[in-house]
Amino acid sequence: MTVPNLLTMARALGIPVFLYLVLVKEEMGLAIFTLVVAGATDYFDGKLARAWNQESRLGELMDPAVDRLYIISVLIAMFATQVVPLWVLALIAGRDILLGILLIVMRSKAIPPFKVTYLGKAATFNLLYALPLLLLTDSTSGLISDAAYIFGWGFAGWGIGLYLLTGLSYARSGIKSLKRG
């Protein structure tokens, strides 16, 4: 148990809090604040792990898994509140499901999981910025809502594109590893 791993675990505990705030309490401001805190802990867990030389295999696996859970949870909440269309949810969830199946097959053959790439981190960054901005369009009006809509879909476009591109890259890498292994 390292400080960075504890931060990642704390970030994971924010997922049900976020869903409760959006789906039950309909408190978009607090839900967005939860995402901001999650984003900060996501940044600091990696930064601290490298600075304190506390990088671990658990952290390497847990951090992207929690990122995926956040993305899927936010998309589900956004679909439930009618902020994003079903095709956005289907594209992102489909990518993660396919890569999850590939990871299971790789693990069964004792092949290590793929390494997270810079583009993968950029995709996650874009999506984790896009999603709260798009939620903000539903909870505000006027100029703030308009700006959140524009920037939210800007980040979403890049995020979805990079997310799918990196998904293809990870899948190709995994399939090559399976063929070699």
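A residue counts as buried under 20% relative accessible area, as exposed over 50%, and as partly exposed in between (1.4 Å probe, protein chains only). The legends below concern a predicted model, in which local features need pLDDT of at least 70, side-chain atom pairs count only at pLDDT 80 or more, and totals for chains, interfaces and linings use all residues. Residues are numbered from 1 along each chain as its sequence is written, and side-chain values use heavy atoms, with hydrogens and water left out.

**Figure 1. Overall fold of the protein.**
The protein contains 6 helices and 0 strands, following the pattern α-α-α-α-α-α along the sequence. Helices (H or I, at least four residues) and strands (E, at least two) are DSSP runs, numbered from the N terminus. The C-alpha trace spans about 55 × 35 × 25 Å along its principal axes. Of the 181 residues, 41% count as buried. Among contacts with a separation of 6 or more, 76% join residues 24 or more positions apart, a contact meaning heavy atoms within 4.5 Å.

**Figure 2. Surface and charge of the protein.**
The accessible surface comes to about 10400 Å², and 70% of this surface belongs to carbon and sulfur atoms. Accessible areas come from the Shrake-Rupley method with a 1.4 Å probe; for residues, only the protein chains shown count as cover. The side chains include 15 positive and 11 negative ones, and the centres of the two sets lie 16 Å apart. In this count Lys and Arg are positive and Asp and Glu negative, while His and the chain ends are not counted. The place of a charge is taken as NZ of Lys, CZ of Arg, CG of Asp or CD of Glu.

Side chains of opposite charge can pair when their charged atoms come close. The structure holds 8 salt bridges, each defined as a side-chain nitrogen of Lys or Arg within 4 Å of a carboxyl oxygen of Asp or Glu. Asp42 forms one of them with Arg11, and the closest N and O atoms are 3.3 Å apart. This pair links distant parts of the chain, with Asp42 in helix H2 (residues 28-51) and Arg11 in helix H1, 31 residues apart. Asp42 counts as buried because its relative accessibility is 17%; Arg11, at 3%, is also buried. Arg11 forms a salt bridge with Asp63 as well, with the closest N and O atoms 2.4 Å apart. Asp63 lies in helix H3 (residues 57-80) and Arg11 in helix H1, so the pair ties together parts that are 52 residues apart in sequence. A network of salt bridges links Arg11, Asp42, Asp45, Asp63 and Asp67.

**Figure 3. Close-up of the pair Glu60 and Arg57.**
The side chains of Glu60 and Arg57 meet in a salt bridge of 2.6 Å, N to O. Both residues lie in helix H3, 3 residues apart, about one turn of the helix. Glu60 is partly exposed, its relative accessible area being 37%, and Arg57 is partly exposed at 38%.

Asn5 belongs to helix H1 (residues 3-24). With 6% relative accessibility, Asn5 counts as buried. Its contacts, leaving aside neighbours within four places in sequence, are Ser56, Leu58, Gly59 and Met62.

Asp96 is part of helix H4 (residues 86-108) and is buried, with a relative accessible area of 15%. Residues up to four places away in sequence not being counted, Asp96 touches Arg68, Ile72 and Tyr163. The C-alpha atom of Asp96 is separated by 35 Å from that of Gly142, a residue 46 positions away along the chain.

Glu26 is found in the loop between H1 and H2. Its phi is near 55°, a positive value in a residue other than glycine. Glu26 counts as exposed because its relative accessibility is 61%. Ala110, found in the loop between H4 and helix H5 (118-139), has a positive phi of about 60° although it is not a glycine. At 69% relative accessibility, Ala110 counts as exposed.
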